[in-house]
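Colleague: I am new to this one. Could you walk me through it, and tell me the grounds for each label you use?

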Amino acid sequence: MSAVEVAGVTKVFETRTDTVRALDEVSLTVADGEFVALIGPSGCGKSTLMRLIADLDEPSEGEVRVFGMPARTARLERAYGIAFQQAGLLPWRTVRANVELPLELHGASAAARRARADELVELVGLGDFADHHPDQLSGGMQQRVAIARSLAEHPRLLLMDEPFGALDEMTRERLQGELLRIRTETGAAVVFVTHSIPEAVFLADRVVVMSPRPGRITEIVDIDRPDATADAESMRESDAFFRSVTAVREALHGGGAAAESAATHGASTRGVETR
Ligand SMILES: Nc1ncnc2c1ncn2[C@@H]1O[C@H](COP(=O)(O)OP(=O)(O)OP(=O)(O)O)[C@@H](O)[C@H]1O
């Protein structure tokens with residue numbers, strides 16, 4: 001069963017002064033355990049698509065299913081974890097208590113919460129900081145807490161909207177490596193929004209390229225990954241990595257031109273491969 005199925009989704013926002021077509025007939029399937037990155041120019045609807053998958057908003061047309069369930073049911077069943085750009089931690093709670101929060105909200109026992117939180121805090125490398133408060137942590141450490149919290153309920157799907165967007169390059173690369181390791185350990189599927197081509201290529205099995213507004217999927221680039229035992233450094237310096245970066249860059253540029261031309265000629269860019 002696929003983790004996410006987006007079928008013919010259009011999203012139109014009606015504001016008092018304007019009608020904004022944010023997404024136009026977007027279809028995408030994310031396989032169970034697959035890592036998909038969404039990339040595209042600012043305002044192309046990446047966050048909107050994530051919000052629809054997370055049932056934080058509803059499509060104007062089309063359907064979203066998560067593990068075969070309607071998006072609403074999946075939210076109620078807590079089928080996924082969410083980590084967005086702002087870590088969104090509660091400042092008055094310790095690291096451990098922040099990670100425990102989803103478990104607490106859903107009635108886990110104190111002992112079970114504590115055990116799971118300690119395990120996750122270790123997993124993201126913050127074992128020595130479990131009793132610290134968020135304002136005692138760097139931005140990168142706060143993001144790691146947010147990732148730990150998103151994993152609290154063993155989700156088989158993670159929805160991540162630019163979780164590393166505000167971090168310096170070094171921290172960002174380190175967290176990317178950690179995310180890949182965590183993903184290998186948990187086997188979770190991931191949908192990851194980013195503005196960074198190298199980040200998308202480093203992390204994803206497939207990179208979904210979107211056009212400027214109204215957001216459409218113009219191309220899906222399969223990433224030619226070196227073997228799983230390769231370390232991050234050699235992966236980032238490999239020919240395969242550069243080839244993939246070039247492929248995504250060309251898709252982004254070409255996608256813009258293709259979408260513009262399609263809009264001018266009243267056609268829509270379809271025929272992208274989805275599975
Ligand atoms: N609640 C809303 N009401 C009206 N318009 C909205 C709303 N949410 C998003 N939009 C519009 O929909 C379009 C897509 O926005 P969205 O935030 O999904 O883009 P994005 O690709 O995530 O952008 P960025 O890369 O800059 O974060 C934008 O034009 C935005 O102004």
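Colleague: What pLDDT does the chain average?

Modeller: This is a predicted model. The chain averages a pLDDT of 87, and 91% of the residues score at least 70. The model scores ipTM 0.97 and pTM 0.86.

Colleague: Where in the chain is confidence lowest, and where is it highest?

Modeller: Helix H9, residues 239-264, is lowest, with a mean of 74. Strand S4, residues 61-66, is highest, at 97. Over residues 255-271, pLDDT stays under 50. The model has 23 contacts beyond four places in sequence for that stretch. Where pLDDT is low, the predicted coordinates should not be read in detail.

Colleague: What makes up domain 1 and domain 2?

Modeller: The domain assignment gives 4-80 + 155-264 as domain 1. Domain 2 is 90-154. Taken over C-alpha atoms, their centres are 26 Å apart.

Colleague: How many residues of domain 1 are in contact with domain 2?

Modeller: 13 residues of domain 1 are in contact with 14 residues of domain 2. On the domain 1 side, helix H6 (residues 169-186) gives the most, with six residues. That side divides into nine nonpolar, two polar and two charged residues.

Colleague: Which residues of the largest nonpolar core touch the most other members?

Modeller: The core has 75 residues, and seven stand out: Ala37, Ile53, Leu159, Val191, Ala204, Val207 and Val248 touch the most other members. Domain 1 and domain 2 each give this core at least three residues.

Colleague: What does Val191 touch, leaving out residues up to four places away in sequence?

Modeller: Val191 touches Val4, Val30, Val36, Leu38, Met50, Ile53 and Leu159. To be in contact, two residues need C-beta atoms within 7 Å.

Colleague: Now the ligand. Which residues around the ligand come nearest?

Modeller: There are 13 residues around the ligand. Phe13, Ala22, Ser42, Ser47 and Thr48 come nearest. Strand S2 (19-30) and helix H1 (46-53) each supply at least two residues of the shell. H1 gives the most, with three residues.

Colleague: How do the residues of that shell divide into nonpolar, polar and charged?

Modeller: The shell has four nonpolar, seven polar and two charged residues.

Colleague: Why does Glu25 count as partly exposed?

Modeller: Count the C-beta neighbours. Glu25 has 17 inside 10 Å. Buried takes 20 or more, and exposed takes 12 or fewer. The count falls in between, so Glu25 is partly exposed.

Colleague: And why does Glu162 count as buried?

Modeller: Glu162 has 20 C-beta neighbours inside 10 Å. The cut-off for buried is 20 or more, so Glu162 counts as buried.

Colleague: What is the phi of Glu25, and where does Glu25 lie?

Modeller: Glu25 has a positive phi of about 45°, although it is not a glycine. Glu25 lies in strand S2. Most residues other than glycine have a negative phi.

Colleague: What is the phi of Glu162, and where is its place?

Modeller: For Glu162 phi is positive, about 45°, and Glu162 is not a glycine. Its place is in the loop between strand S7 (157-161) and H6.

Colleague: Is the peptide bond from Arg213 to Pro214 cis or trans?

Modeller: That bond from Arg213 to Pro214 is cis, with omega near 0°. Pro214 has its place in the loop between strand S9 (206-210) and strand S10 (217-222). Most peptide bonds are trans.

How values were computed. Residues numbered from 1 in each chain as written. Predicted model: local features only at pLDDT ≥ 70, side-chain atom pairs only at ≥ 80, totals over all residues. Domains from an automatic or database assignment. Helix = DSSP H or I, 4+ residues; strand = E, 2+ residues; numbered from the N terminus. Nonpolar A, V, L, I, M, F, W, Y, C, P; charged D, E, K, R; others polar. Near = placed C-beta within 6 Å. Core = buried A, V, L, I, M, F, W, Y, C linked by C-beta atoms within 7 Å. pLDDT = per-residue confidence, 0-100.
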